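I opened this entry to keep track of what I looked up, one topic at a time.

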Amino acid sequence: MEQHHHFTTLLLHISALLLLTNSPLFATAIGINYGQIADNLPSPQQAVPLVKSTGANKLKLYDANPTVLKAFANTGIAFTLGIGNEYLTKLQDPSAAENWIQCNVKPYLPATKITSISVGNEVLTSNDTSLSGCLLPAMQNIHSALVKFNLDQKITVTTAHSLSVMETSYPPSSGTFRTDLNGVMSPVLDFLAKTCSPFLINAYPFFAYERNPKDVSLDFVLFQPNAGVVDSGNNLRYDNMLFAQIDAVYAALSKLGHKDVPIQISETGWPSKGDDNEAGASPENAKKYNGCLLKIVKQKKGTPAMPDYEFDIFVFALFNENLKSGPTSERNYGLFKHDGTPAYDLGFSGSSGGGSSSHNSSGTPSPPFNFPPENPSGGYMPISSVERYVMRIRISIVLLSGVGWILL
């Protein structure tokens, strides 16, 4: 009881601070990925004021956690729900898609704002190549279910890709998707265009620097002042890697006739801690990367190829997640530590209420027809999954004016 009273007092303190400031830290919308591979996180109810303290008004889940969706009811926070790769074969059945919508979306509307569903994660570059053919039918069936329940005008259907779908990304204007994926990518893009849904890309400049710290400019990946490089294809100057990656994706979309499909950065971030061989993983660099990124969003600054474009960007992640596998960086992407205190100073109002293992994703009861988990990841792979390490073999570094480019 005493601990509960302590946390309640802290939440009231945060609420008062937000009222006094009369505005969040970042007035322009920013999204955050809400991962839950941990056994020590604050409850979703306790997470609500933490999210509000960041100024974020969008969250992306990797599942449809009912406790989270209930906790954020009537907050105005917009949700992207995730459907894990392991469910794609089940969703070849239209009735399974209808059941998923019936049990994981409809019960929470309209109190909880659900605006998008991401079917699968990095499916086209996963180790299971058999899933590629399942992706589009699953997306179509989920969309058809939304149509049936008159929700298709409010909720989009999409899927997230890694930058490994790119064949060429340097210079950005020459960006193209892998030719071996065109047979799958083109129909997916047709679907996105038809349903007015965004193209989701997971982009991590950290990987470029971490793998090649001697060749890749740290200032270039951290949005710090640098000489930049000029795209020889269109004479545009780039002073940061993320914008170069985004414009490479834009060029690839244009080459397939879909330059009007909006791009959404579904994951990007920087770890505040890493192993000795993980160059650049530090609280100082995480503060620079995410701090500058959030300022760019606030300024509504577009890329060199799309100067007027206002991006939807989701930072990874809300919390550090102690049960994630892989190197130390995997467990340290959070804006907040497990106790609700900021992982580093971005001006957020944190709290130290302690974790609650009863509210992590593995301990949340599922409603009927909510497909039971088939792996301990909760439906999504760690950032440094085996696939990412394998695909890093495809990395080529081209040096130009002393700045390294990542060709992912």
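My notes on the chain, its helix packing and its aromatic residues follow.

**Overview**

I am working from a predicted model. I looked up the secondary structure first. The chain has 11 helices and 14 strands. Next I checked burial. The chain has 408 residues, and 58% of them count as buried. Then I turned to contact range. I took the contacts between residues at least 6 apart in sequence, and 73% of these join residues at least 24 apart.

**Helix 4 against helix 5**

I looked up how helix 4, residues 94-104, packs on helix 5, residues 132-148. Their axes are 8 Å apart, at an angle of about 60°. The two helices are therefore oblique to each other. I noted the crossing as right-handed.

Which residues meet here? Helix 4 brings P94, A97, E98, W100 and I101. Helix 5 brings N141, I142, A145, L146 and K148. I sorted this contact by class: seven residues are nonpolar, one is polar and two are charged.

**Helix 5 against helix 6**

I then followed helix 5 to helix 6, residues 182-195. The axes come within 9 Å and cross at roughly 15°. Are the two helices roughly parallel or oblique to each other? They are roughly parallel, because angles under 35 degrees count as such. The crossing of helix 5 with helix 6 is left-handed.

From helix 5, I listed S132, L135, L136, M139, Q140 and H143. From helix 6, I listed V184, P187, V188, F191, L192 and T195. The class count for this contact is eight nonpolar, four polar and no charged residues.

**H143**

I stopped at H143, which sits in helix 5 and takes part in the contact with helix 6. Is H143 buried or exposed? Its relative accessible area is 19%, so H143 is buried, given that the cut-off is under 20%. I set aside neighbours within four places in sequence and looked up what H143 touches. The partners are D152, V157, F191 and T195.

**Aromatic pairs**

I counted rings next. The structure holds 15 aromatic pairs. I picked out F177 and F199. Their ring centres are 5.8 Å apart and their planes are at 45°, which makes the pair tilted. F177 belongs to strand 7, residues 176-177, and F199 to strand 8, residues 199-202. The pair therefore ties together parts that are 22 residues apart in sequence. I checked both for burial. F177 is buried at a relative accessible area of 4%. F199 is buried too, at 1%.

I also looked for a cluster. Y62, Y204, F206, F207, F223, W270, Y289, F316 and Y333 form one aromatic cluster.

**Y209**

My last stop was Y209, in helix 7, residues 205-211. Y209 counts as buried, with 12% relative accessibility. What does Y209 touch, not counting residues up to four places away in sequence? I noted V216, L218, V221, W270, A279 and G280. W270 is also a member of the aromatic cluster. Y209 and E278 are 69 residues apart in sequence, and their C-alpha atoms are 9.1 Å apart in space.

Key:
Residues are numbered from 1 along each chain as its sequence is written. This is a predicted model: local features need pLDDT of at least 70, side-chain atom pairs count only at pLDDT 80 or more; totals for chains, interfaces and linings use all residues. Side-chain values use heavy atoms; hydrogens and water are left out. Rings of Phe, Tyr and Trp (its six-membered ring) pair if their centres lie within 6.5 Å; planes under 30 degrees apart count as stacked, over 60 as edge-to-face and the rest as tilted. Helices (H or I, at least four residues) and strands (E, at least two) are DSSP runs, numbered from the N terminus. Buried means under 20% relative accessible area, exposed over 50%, partly exposed in between (1.4 Å probe, protein chains only). Axes are lines fitted to C-alpha atoms, for helices over the stretch in contact, and angles run from 0 to 180 degrees between N-to-C directions. Angles under 35 degrees count as roughly parallel, over 145 as roughly antiparallel, 65 to 115 as roughly perpendicular and the rest as oblique. A crossing is left-handed if the near helix is turned anticlockwise from the far one by less than a right angle, and right-handed if clockwise. Contact means heavy atoms within 4.5 Å. Ala, Val, Leu, Ile, Met, Phe, Trp, Tyr, Cys and Pro count as nonpolar, Asp, Glu, Lys and Arg as charged, and the others, Gly among them, as polar.
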